[in-house]
Amino acid sequence: MKYYAYYPGCSMEATGAPVEASIHAIAKPLDINFMELEDWTCCGSSPLAGVDKFKAIGITARVLALAEKTGLDLVTPCSSCYTILREANDLLKEDHDLSDKIRSTLSAAGMTYNGTVNVRHVVEVLFNDLGTDVLKSKIVRPLTGLKVACYHGCQQVRPSYGYDDPEYPDWLDKMVVSLGAEPVNFPLKARCCGSSLVISEPDTAIELIYKLLQNASDNGAQAIVTTTCPLCHLAIDGYQASVNRKYKTKFNLPALAITQLIAFAIGLDFKASGLIGNITSPKNLLRPFMEAKISSTEAEAPAT
Amino acid sequence: MSDNGQATFLEQVASLPACEKINECIQCGVCSGSCSTATRWEYPPRKVIAMVRAGMKDELLKSNSIWFCVSCYLCTARCPRDIKPANIIHGLESIALQEGYKPPTKTTTMYRTFAASITDYGRVYEFGFMLKYFLKTNPLAALNMLPLAIGLFSHGRMPLTAKKVKGKDQLNIIINRLSTGGDR
Amino acid sequence: MEPKIGVYICHCGSNIAATVDVEKVAEYARSLPSVVVSRDYKFMCSDPGQDLIKKDIKEMGVNRVVVASCSPQMHEPTFRRAVQEAGLNPYFFEMANIREQCSWVTESRKEATEKAKALVSAAVRRVYFHEPLENKEVPVHPDTLIVGGGIAGIQAALEIANAGHKVYLVEKEPSIGGHMMQLDKTFPTLDCSACILTPKMSMVGAHPMIELLTFSEIDYVSGYVGNFRVKIHKKARSVDATKCNGCGTCMTKCPIKVDSEFDEKLSKRKAIYTPFAQAVPNVPVIDRKHCTYFLKGKCRACEKFCERNAIDFQQEDEILDIEVGNVIITTGYKLFDPSVIKEYGYGRLDNVLTSLEFERMVNSAGPTGGQILLKNGKEPESIAIIHCVGSRDEKYHEYCSRICCMYGMKFAHLLLEHVHGAKVYEFYIDIRSFGKGYEEFYNRVQREGTIFFRGRPGEITDVAQTPEEKGKLIIQFEDTLIGKQRRLPVDMVILCSGIEPQSDAQEIAHKFNISCGKENFFTERHPKLDPVATMTDGIFIAGCCQGPKDIPDTVAQASAAAARVLALINNGKVEIEADTAVIDESKCSGCRVCNLLCPYNAISYIEKDKVSRINEALCKGCGTCVAACPSGAITHRHFTDVQVLAELEGILV
């Protein structure tokens, strides 16, 4: 059993609910325990850095302080939370004026942070701590023949975290291969979906999402496997209709968060794997795989 | 330092977290060349940095430029001098909002509403945040969002009430003690 | 004779005096035992400064001298000479470094002054115990070893050989010529590279004073200036050079094709090959890793068709043992591999080339006969040349590679010449056209119609956004002089990759006992005043192995290194410092522990006397044997226990 301190982030409770469901659904079968931080508050995300840089770091520091108390690695599914937490953590680990200021502010609120937390992303934990071999061994529904574009998004791999390639990452592709599916060539796999501005500058965001969908479609994808970031998932899943309206296209590429896909592949039904919450429905695409041959070493999949 | 002892615009920006290297920029243009939204910026990222160094604070912070940053970090990943342009852009946003600039974009309102949600609820209460934002800017624009909103509601992805978060009070103690500092 | 110590504190302008209170230090020195005179002066290394010392020796009978100033690396020879000129043994001199080790690294004036006092006290106590020593003179062997047969090595070899002295020129490839042989035309004169290089190569090949050892590498080096012993590993060519007449039949008959390194893998060579037509020596080698005979024992076509019976499959590697007086290292460079810059698409996208690949393509003796061709066989209509690839970038190489602006512009000129109606675009951050005729060349290239964009591209992509972009390589960049992001579709992209040291630079440095700097270029003795010498006497460097440079500078450095070597050969002898170790044979128990420990193999066991003896010429004064000797029989001249302990006392007391 692997234990992690889990920080879902504000979006996972609302727009990210289907992805959140899938993360918790696969935890037990994969022998992982994601322990949600108690009484967590917002990390600040990109907007706070643009409102008040110092306040933003203080807000993020509270999450780090909470995580430090557990003594476990801090894992988050949201790429934006991930970037913000890592950035704040790196700044606070260095000993200088800023970290002193933040530390004294934390202690005024009755908290401490000593810079010992390891901030990690759900996708990275699945790839490194679990590994594709383990995923492969748990398959009940091999996804043979399913062609997908693997969308990593921008903040999972940048600025530069020292592992998966910041320009052409392939961890999602490797995981998808271990589930039996076929990742297509997808040059825009690590480009921005524009979600941070989709509310205030919808034109800009919709254009970016359009480029992603077009590139995936041009390369023969039937669906887009996304990172666990709720914003990336919503961009593909929820805004596809807006793209079709504006650009007069007919995209129908379901957004399958990697954890949703894993949940489905290891035998969970549509509801349990969170897929039922997707707006661009994956039902038709995945129906043929529902009846797929069950691996002889695994138990029968539960009925839909 | 300028004559009356006040920090110059450049010094102000350089004193923000992770923005110290702004003076080492060689103006190569990789940031602008990589930027996902550069065609919408009045002054692309490289020029923004040049304007900071030239002290053109008003002209810069009154424009729409920095508000189109989507935080994709391509600039930061590719910069040959490790300047971290994205951090500088965020820093400029925070200066603009702290000092009451009014650039021609709704993103400032969106950011402020987002921040208010955090102080009010401890977390971003998505439904409340969106409602407030559209009421403040353009209620009619919300109509465009209706199909999506309905989709989210019907799929259980838009709770109508905010969760009660005890940690909100502790968070507000932290928030109240901090503000954009630097050499102002 | 009773020691009478003279102490001289240098101001070094403000270098020392601004931080250290030199007058106070001089005053303090006056109070030390056996000090008869203590002075401070602005520039001790100057003639008047030195005269102060000489005067005191002559008039006051000073017989021990301490100068507190800069590092001994700078001026120990200067002051030892001054002392000697005044009639005193130069080893009665000691230097206290109160600059590099004190004033330059201490902020507080109080602390710096205290430290300076301690250092001076140490030097004073030490010099009291100094003994007079004599430098040894050793002969300089007149032969020279040059490592690397590119233009630098060739130039240096010819300079020395033409002066009448023997040169061993070692080159690891089957032929000399280096990268310059791969180039088409050279900037700014647009001379054909091979045309200006091959005459020199022929001269080397034919020169009676040059022993050319190609397909060879350095195995082991030992010795010291004037007297190096080098083991050279001569790889087996599998061809008898005395019989081969270079007819090339073997190459035409060989059935095996291998990617040609010389053509940057754009064409194939055979398993038996010369890298290019004008190879010197014009004797092929068999690449045993790909030859069917060596892999499976079959074929032997080359042997069958060779009219001179020159093929010798049984040929073995040879080890040559040579003695030389000096070494010049001219191992050159390799090109930065841009595959790591993922956003530029090298290796992933078709028609993205490195500079050397383009040189081979545009060369009329190259794989396409000088035609510029895309992967689909057509000519490109538009070509982008990107500067600073892998250079001026903290992620790859921080330094500017110096030659890329010029060769990038050269490419523009060649493209306009070779491809009728082509549109050529240069993407730069700064144009560095610093040399003679270089700015004029830039002007010429502009006049010819090349378009220059100031902006380092963000990425090169094949994802089209408009119909015009379909099937093209799109350069996404900011035109910084206008201030707008733009996308430019082109057919071909050439990456001006930077140059970097060879991958075995550290290994070579280790073999020759020299250092590599931060970026692995060999470290020169002084970047401004001594760029061709290293910290190891007798080992010189020249060309791109010392730092990126163009052909004129490379040739100049090669000639400079040759001149230094000729000076040493001309003098015929060189002085070796006297601070070597000596064994008191009455105390030596013959245990031989020291024999094995000596890193310079300077100690041998004398069977008939049953003691060990140190060869003073080989001894470098490292002190290992001194510390290890269980009988305490070994003394380190000029670093005796008494001297070293006195120095420590000075610091601590």
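Contact here means heavy atoms within 4.5 Å. By that criterion, 4 residues of domain 2 of chain C are in contact with 4 residues of domain 5 of chain C, and the C-alpha centres of these two domains lie 35 Å apart.

This is a predicted model, in which local features need pLDDT of at least 70 and side-chain atom pairs count only at pLDDT 80 or more, while totals for chains, interfaces and linings use all residues. Residues are numbered from 1 along each chain as its sequence is written, chains are lettered from A and ligands numbered from 1 in the order in which they are written, and side-chain values use heavy atoms, with hydrogens and water left out.

Domain bounds, which come from an automatic or database domain assignment, divide chain C into domain 1 (5-127), domain 2 (137-234 + 319-330 + 513-576), domain 3 (236-316), domain 4 (334-500) and domain 5 (581-637). Chain A is divided into domain 1 (2-122) and domain 2 (140-299), with 23 residues from domain 1 of chain A and 26 residues from domain 2 of chain A taking part in the contact. The centres of these two domains of chain A, taken over C-alpha atoms, are separated by 25 Å. For chain B the assignment gives domain 1 (9-98) and domain 2 (107-177), whose centres are 28 Å apart over C-alpha atoms.

Helices (H or I, at least four residues) and strands (E, at least two) are DSSP runs, numbered from the N terminus; chain A has 13 helices and 8 strands. The radius of gyration of chain A, at 19 Å, is close to the 19 Å that the globule rule gives for 304 residues, so chain A is as compact as a globular protein of that length; the radius is taken over C-alpha atoms, and the rule is 2.2 Å times the number of residues to the power 0.38. Chain C holds 18 helices and 34 strands.

The table lists burial, where buried means under 20% relative accessible area, exposed over 50%, and partly exposed in between (1.4 Å probe, protein chains only).

| Chain | Residues buried |
|---|---|
| Chain A | 65% of 304 residues |
| Chain C | 55% of 653 residues |

Among contacts with a separation of 6 or more, residues 24 or more positions apart account for 76% in chain A and for 69% in chain C. Along the principal axes, the C-alpha atoms fill a box of roughly 60 × 45 × 30 Å in chain A and roughly 90 × 70 × 40 Å in chain C.
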